[in-house]
Amino acid sequence: MSLVVMATGGTGGHIYPAVATARELVRRGHTAVLLGQRGGMEERVAREQDLEFVGVDAGKLARSGQGRPDPRELLRAGKGILEARRVLQQRRPGVVVGYGGFASLPGVLAAQSLRIPTVLHEQNARLGLTQRLAVRQARAIGTAYETVIGLDPARATLVGMPVREDRLDRAEALARLKLREGPLTIFVMGGSQGSLFLNNTVPDTLRHVLGAEGLLDATGAGRGTRVSETGHHLPAIDLDFVHGTHAAPGTGGAAVQVLHSTGPRWLPEVAPGVKDLEWYHPVGYVDAVAAWSVADLAITRAGTSTLAEAAFHGVPLVMVPLPESSENHQFHNGKSVEAAGAGVVVEQREAQGTLGPAVLECAEPRRRAAMQAAARARAQVGAAARFADLIEAQLSGPRAD
């Protein structure tokens, strides 16, 4: 069978689709190698996934509106292309697959300079900068959206967003994460590197709406008339909810526990602020499959990879899109999920007053059940297999050793 090189890196949104597709190709008998930035997150992920990794230099390119690119970054990118050429000349893959992001560029452009077939995966509804540099010579382009701005529809093949299609039994996942059976579980995740804004905002917001004991109370009219810190009314909670699956005995309320993936860099700043909350569990890095397997509700950004994983696991979302995302694509991603009934968008500039009410609204059991069904309906199950089909159609290299 053939050797396939996955050019990827930078963030989990680029890395994990490559990992999912690599695993599918390996299952079919191919050899898959990840090529990315030396010392980047992709190197650690490859090691954890038992995939071979080759590191090269990579330089970030300035997007529109970000000013002129740093010459040092351009030099690093050029050096990375030369390093990738040497790797590809030695390994002679049948195809190189690019997943977007600056760390994928050296591998993809090196392959094209050597006339090695390249396949791209575009995960957003607008063609990204690195993909625009490579799209002309690409043999095939798989997309996560039916229409991608900047890409000729005749060249696009809708495959969906490859995700890790693994689930754990809830009890097993709870034990792995050291969480309790019973409480409503809220998963907070700002992407693979964490989100400084969510790290700074979510703990205080949840402390305010859930109290020191982490409960959704059942005070009837009292709950309906409670207001947030900025004067927004908090929605009433269905009384059946607090006497059901998540009831906290003797409290008249529904127990909640929070699993917050802060990103390794931010854990030392977040943990001290919630050490008095037994129900709040900050971690630097989390087993995402386990986390999604236990989540009843999640507070996230709105990257395509995150949305795809939530859909696969049927998890309703409260989304706070990253305002600085290119072409504001996260806002549009989130709005598509909201339109499908699978989540609620809270704009970052309004989060102080609206995040808490949105969480309580989505925690209501009937609303949450409807959102779970809508999330599952959005799942693009089999995306990794469909993209692997597209890659296999372009294979022309020698068999792997």
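Tutor: A residue is called buried under 20% relative accessible area, exposed over 50%, and partly exposed in between, using a 1.4 Å probe and protein chains only. This is a predicted model, in which local features need pLDDT of at least 70 and side-chain atom pairs count only at pLDDT 80 or more, while totals for chains, interfaces and linings use all residues. Residues are numbered from 1 along each chain as its sequence is written, and side-chain values use heavy atoms, with hydrogens and water left out.

Student: Is Arg164 buried or exposed?

Tutor: Arg164 counts as buried because its relative accessibility is 9%. The residue lies in the loop between β7 and α6 (170–177); helices (H or I, at least four residues) and strands (E, at least two) are DSSP runs, numbered from the N terminus. Contact means heavy atoms within 4.5 Å. Leaving aside neighbours within four places in sequence, the contacts of Arg164 include Tyr16, Arg23, Glu309 and Phe312.

Student: Which residues does the UniProt annotation "binding site" cover?

Tutor: UniProt positions are given in the numbering used here, with feature names shortened, and annotations may be inferred rather than shown by experiment. The unreviewed entry lists Thr11, Gly12, Gly13, Asn124, Arg164, Ser192 and Gln330. Of these, Gly12 is found in helix α1 (residues 12–27) and is buried, with a relative accessible area of 4%. Leaving aside neighbours within four places in sequence, Gly12 is in contact with Pro17, Met41, Ser192 and Ser305.

Student: In what order do the strands of the open sheet run?

Tutor: Strands of a sheet pair through backbone hydrogen bonds, either parallel or antiparallel. Two strands are taken to pair if DSSP finds at least two bridges between them. Here seven strands form an open sheet in the order β3-β2-β1-β4-β5-β6-β7, with parallel pairing. β3 (52–56) and β7 (156–158) stand at the edges with a single partner strand each, so one side of each has no neighbour in the sheet. Three bridges join β6 (residues 140–143) to β7, and Thr143 stands opposite Leu158 in β7.

Student: How many residues has the largest nonpolar core?

Tutor: A nonpolar core is a set of buried Ala, Val, Leu, Ile, Met, Phe, Trp, Tyr and Cys residues joined through side-chain atoms within 4.5 Å. The largest has 30 residues, and Ile186, Leu206, Ile299, Val318 and Leu355 have the most contacts inside it. The largest share of this core, seven residues, comes from α13. A second, separate core of 29 residues includes Leu174, Ala290, Trp292 and Phe331.
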